[in-house]
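Biologist: Could you bring up the model, so that we can go through its ligand sites together?

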Amino acid sequence: MDCLFCKIANGEIPSTKVYEDEKVFCFKDIAPITPIHYLIIPKEHISGASAITAENSAVVAHIFEVAAKIAKDEGISDGFRIITNCGENAGQTVNHLHFHLLAGVKMGWGVEAVNPVE
Ligand code: AMP
Ligand code: ZN
């Protein structure tokens, strides 16, 4: 399958690795929007949040465990945000489930509407 994040998870395409275990891979976002901006992905290909099922959802809980561990290791437990964009209107650009871990700046709360939804 021609999937950018599958290739990053298996080392075919280089990335700056933050964490890896048998189920997940975490690496630095190539275009960070906050001082700390990591992506946490399952090694198994899941196209996005709308493809989470009873069969594959355990990895999502594991991703949140890993996020908490990374936050502790990075000293950001007092303030971080986890986001997953699902579908075109939400701005998903890579069709492999990924969770953005953002930290290092005081964040506001809002949704920037780029274009009105038809
Ligand atoms: P999204 O727009 O939510 O689908 O997020 C995709 C993210 O992947 C964006 O924040 C991109 O900056 C990031 N990205 C795209 N290509 C790479 C890459 N080769 N290495 C690291 N991050 C990437
Ligand atoms: Zn993939």
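Biologist: What spacing do the donors of the zinc ion (ligand 2) follow along the chain?

Modeller: The spacing is C-x2-C-x38-H-x50-H, where donors are N, O and S atoms within 2.8 Å of the metal (3.2 Å for Na, K and Ca), and water is not among the atoms, so sites may look incomplete. This is a predicted model, in which local features need pLDDT of at least 70 and side-chain atom pairs count only at pLDDT 80 or more, while totals for chains, interfaces and linings use all residues. Residues are numbered from 1 along each chain as its sequence is written, and side-chain values use heavy atoms, with hydrogens and water left out.

Biologist: Which protein atoms are the donors of the zinc ion?

Modeller: They are SG of C3, SG of C6, ND1 of H45 and ND1 of H96, at 2.0 to 2.3 Å from the zinc ion.

Biologist: And C3, is that buried or exposed?

Modeller: C3 is buried, with a relative accessible area of 6%, and H96 is buried too, at 0%; buried means under 20% relative accessible area, with a 1.4 Å probe and protein chains only.

Biologist: Switching to ligand 1, which residues come nearest?

Modeller: Of the 16 residues around ligand 1, those are D29, N85, T93, H98 and H100, where around means having a heavy atom within 4 Å of the ligand.

Biologist: How far is an oxygen atom of ligand 1 from an N or O atom in the D29 side chain?

Modeller: That distance is 2.5 Å, and a polar side-chain atom of N85 lies 2.8 Å from an oxygen atom of ligand 1.

Note on methods: Chains lettered and ligands numbered in written order. Buried < 20%, exposed > 50% of the residue type's maximum accessible area, 1.4 Å probe, protein only. Polar contact = N/O pair within 3.5 Å; in protein donor to acceptor, adjacent residues only side chain to side chain.
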